[in-house]
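This briefing is intended to be read alongside the sequence and the structure. Please keep both in view while working through the points below.

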Amino acid sequence: MKFTAQQIAGILEGDVEGNPDVEVSKLSKIEEGFEGALTFLANPKYTPHIYKTKASITIVNKTFEPEHFLNTTLIKVEDAYLAFSKILEYYNSVKLNKIGVEQPSFISDSAKYGDNIYIGAFSYIGDNVVMGDNVKIFPNAYIGDNVAIDDNTIIFSGAKIYSETIIGKNCVINAGAIIGADGFGFAPNDDGSYRKIPQIGNVIIEDFVDVGAATTIDRATLGSTIIRAGVKLDNQIQIAHNVEIGKNTVIAAQTGVAGSTKIGENCQIGGQVGVAGHITIGNNVRIQAQSGIGRNVKDGEVLQGSPAIKLSDYNKSYVHFKNLPTIVKNINDLEK
């Protein structure tokens, strides 16, 4: 799909300097621009590239004044970075704007869905599934019995949504994610073997949640595993049974959260963090990558290490740790 500079300026409420009829159909970095591409300049470090770029249209801040001749048409806006993000969202919505039911696919006779639905080929929609308006189920997805998916949510290819899962509005479940598989519940027998404990709860995902590719969220043993509104989960994260994650918390890749732990709102958790079970993490907590959390955490703490300690204490300790060979040598010399 092609857009003119004038059309894009209309979407962004910007001003055109150059050819208003020049067309673009692709997006690019400014240093890799090519004819027919739209790019942007927000970071002053990249200013030299605007005089060399071959991109047909460049979005810039209104304060930008060229010092040399430009081959690119400018669209001037208040915030170029924000404007380009808006274009990315618009571009993505157009690209993903699929409607209809592809064949072969299976949809239970008892399933219900709203307007402008998309169900890709080889998808499975189980009994009593309820899907709202503009829901998109991409090919090879599995939607189990009694699942509810609200308006404008996207389930990408290969995702598996187990029975009784509830997913809110405007969510994105990326490829290969598994929502609602059994929690890790086993009881030891006298002979050393293990007996499986049935996991009969479900998963509840509220509105505006993003779940990364190959991330798993286990169903509760009883009750619900709950992901609150606005949570963003990266790829390859493990969320165990009966965990609750508070609003607008973000978690980076390869983090594991053990069962029945409660994480507060507006937390930031780095990659490869391990969180023990049955603990509570407060609001506005920041945890650095590869930390191990084995205790309750108060609101606003910033932690690093394994087991994790306050970041300021960790940094002070690390100064001594990296000098440990010299310190030991000095002690040995003193003892001699």
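Predicted model: local features only at pLDDT ≥ 70, side-chain atom pairs only at ≥ 80, totals over all residues.

Which residues does Ile-167 touch, not counting residues up to four places away in sequence? Its contacts are Ala-148, Ile-149, Asp-150, Thr-153, Ile-155, Ile-161, Ile-173 and Ile-205.

- Ile-167 belongs to strand 19, which covers residues 166–167.
- The relative accessible area of Ile-167 is 2%, and because buried means under 20%, this residue counts as buried.
- Between Ile-167 and Ile-204 there are 37 residues in sequence, yet the C-alpha atoms of the two lie 6.1 Å apart in space.

**Helix 3 and its two sides**

- Helix 3 has 16 residues, numbered 80–95.
- At 1.5 Å a residue, this helix should span 22 Å, and the distance of 22 Å between its end C-alpha atoms agrees with that value.
- The buried residues in helix 3 are Ala-80, Ala-83, Phe-84 and Ile-87.
- Viewed down the helix axis, the buried residues of helix 3 fall within an arc of 95 degrees, so they line one face of the helix.
- Tyr-81, Leu-82 and Glu-89 are exposed on the other side of helix 3.

**Salt bridges**

- Side chains of opposite charge can pair when their charged atoms come close.
- A search of the whole structure finds nine salt bridges.
- One of them joins the side chains of Glu-17 and Lys-76, with an N to O distance of 3.4 Å.
- This pair links distant parts of the chain, since Glu-17 is in strand 2 (residues 15–17) and Lys-76 is in strand 7, 59 residues apart.
- Glu-17 is partly exposed, at 40% relative accessible area, whereas Lys-76 counts as buried at 5%.
- Glu-17 and Lys-76 also belong, together with Glu-65, to a network of salt bridges.
- A further salt bridge connects the side chains of Glu-206 and Arg-228, at 2.7 Å from N to O.
- This second pair likewise links distant parts of the chain, 22 residues apart: Glu-206 is in the loop between strand 24 (202–205) and strand 25 (210–211), and Arg-228 is in the loop between strand 27 (224–227) and strand 28 (232–233).
- Glu-206 is partly exposed, with 21% relative accessible area, and Arg-228 is partly exposed as well, at 25%.
- Arg-295 and Glu-301 form another salt bridge, in which the closest N and O atoms are 3.4 Å apart.
- Within this pair, Arg-295 is partly exposed at 35% relative accessible area, while Glu-301 is buried at 13%.

**A nonpolar patch on the surface**

- Tyr-318, Phe-321, Leu-324, Ile-327, Val-328 and Ile-331 form a nonpolar patch on the surface, and together they have about 530 Å² of accessible area.
- Helix 4 (311–322) and helix 5 (324–335) are the elements that give two or more residues to the patch.
- Helix 5 gives the most to the patch, with four residues.
- Tyr-318 is located in helix 4, and its relative accessibility of 41% places it in the partly exposed class.

Note on methods: Residues numbered from 1 in each chain as written. Heavy atoms only, no water. Patch = residues over 30% accessible without salt bridge, like charges linked within 9 Å, V, L, I, M, F, W, Y side chains within 5 Å. Areas by Shrake-Rupley, 256 points an atom, 1.4 Å probe, with all protein chains shown as cover. Salt bridge = Lys/Arg side-chain N within 4 Å of Asp/Glu carboxyl O. Buried < 20%, exposed > 50% of the residue type's maximum accessible area, 1.4 Å probe, protein only. Expected span 1.5 Å × (residues − 1). Arc of directions from axis to C-beta. Contact = heavy atoms within 4.5 Å.
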